[in-house]
Amino acid sequence: MSLPDFDGFFLAATGHDRFDYQRRLAGVDGDRTAESLLINIPTGLGKTAAVVLAWLWNSVAVGGQAQPTRWPRRLVYCLPMRTLVEQTRTEVENWLKRLLARAEEIGLGADAQQELRWLV
């Protein structure tokens, strides 16, 4: 089975095309090893989507389909204000629901779909 396409995965989750930096962060074209990176991107250009969806794609969508990825099992998000926490939670829930609704279309297998259901 081939790997799900990150561009389609991102579009299905957000309804928007991805930026190049989001694709690079997910490691689509190279080593998919999570590493500490400084993301210096202006407000409103999808930093939250970049981090969360890169992690989801590598941890859930790709999972064990390719050579094992070295992405962490859990994603921890630390935010300074409750309003940002609630906004981020709502966005992530919406992304998960959209991904589940289009799971077959974007090539997510049964295991990935089960992981997404558990996360919702």
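Reader: Why is Arg82 called exposed?

Author: Keep in mind that this is a predicted model. Arg82 has a relative accessible area of 65%, and exposed means over 50%, so Arg82 is exposed.

Reader: What makes Arg82 and Glu86 a salt bridge?

Author: Their N and O atoms are 2.7 Å apart, and the cut-off is within 4 Å, so the pair counts as a salt bridge. Arg82 and Glu86 both lie in helix H4, four residues apart, which is about one turn of the helix.

Reader: And how do you know which class Glu86 belongs to, buried, partly exposed or exposed?

Author: Glu86 has 30% relative accessibility. Buried is under 20% and exposed is over 50%, so Glu86 falls in between and is partly exposed.

Reader: What makes Arg23 and Asp7 count as a salt bridge?

Author: The closest N and O atoms of Arg23 and Asp7 are 2.8 Å apart, and the limit is 4 Å, so the pair qualifies. Arg23 lies in helix H2 and Asp7 in helix H1, so their bridge ties together parts that are 16 residues apart in sequence.

Reader: Why do Arg23 and Asp7 get labels of their own for accessible area?

Author: The 20% cut-off falls between their values. Arg23 has a relative accessible area of 18%, so it is buried. Asp7 has 24%, so it is partly exposed.

Reader: How do you know that Glu115 and Arg73 meet in a salt bridge?

Author: The N to O distance for Glu115 and Arg73 is 3.5 Å, and that is within 4 Å, so this pair also passes. The pair links distant parts of the chain, with Glu115 in helix H5 and Arg73 in the loop between H3 and H4, 42 residues apart. At 27% relative accessibility Glu115 is partly exposed, while Arg73, at 52%, is exposed.

Reader: Why do charged side chains pair at all?

Author: Side chains of opposite charge can pair when their charged atoms come close.

Reader: How is empty space found in a model?

Author: Rolling a probe the size of a water molecule over the atoms shows where empty space is left.

Reader: What makes up the lining of the largest pocket?

Author: The largest pocket has a volume of about 580 Å³ and is lined by 23 residues. Leu45, Gly46, Lys47, Thr48 and Ala49 lie nearest its centre. Helices H1, H3 and H4 each supply at least two residues of this lining, and H4 gives the largest share, six residues. By class, the lining has ten nonpolar, nine polar and four charged residues.

Reader: And what makes up the lining of the second largest pocket?

Author: That pocket has a volume of about 490 Å³ and is lined by 20 residues, with Trp55, Leu75, Val92, Leu96 and Leu119 nearest its centre. H4 gives the most to this lining, with six residues. The classes here are 13 nonpolar, two polar and five charged residues.

Reader: Finally, what pattern does the chain follow along the sequence?

Author: The chain follows the pattern α-α-α-α-α, with five helices and zero strands. Buried residues make up 33% of the 120 residues in the chain.

Key:
Residues are numbered from 1 along each chain as its sequence is written. This is a predicted model: local features need pLDDT of at least 70, side-chain atom pairs count only at pLDDT 80 or more; totals for chains, interfaces and linings use all residues. Side-chain values use heavy atoms; hydrogens and water are left out. On a 1 Å grid over the protein atoms alone, a cavity is a set of points where a 1.4 Å probe fits but cannot get out, and a pocket is an open set with protein on both sides within 12 Å along at least five of seven lines; lining residues have an atom within 4 Å of a point. Grid points are joined across faces, edges and corners, and a volume is the space filled by probe spheres set on the points. Ala, Val, Leu, Ile, Met, Phe, Trp, Tyr, Cys and Pro count as nonpolar, Asp, Glu, Lys and Arg as charged, and the others, Gly among them, as polar. Buried means under 20% relative accessible area, exposed over 50%, partly exposed in between (1.4 Å probe, protein chains only). A salt bridge is a side-chain nitrogen of Lys or Arg within 4 Å of a carboxyl oxygen of Asp or Glu.
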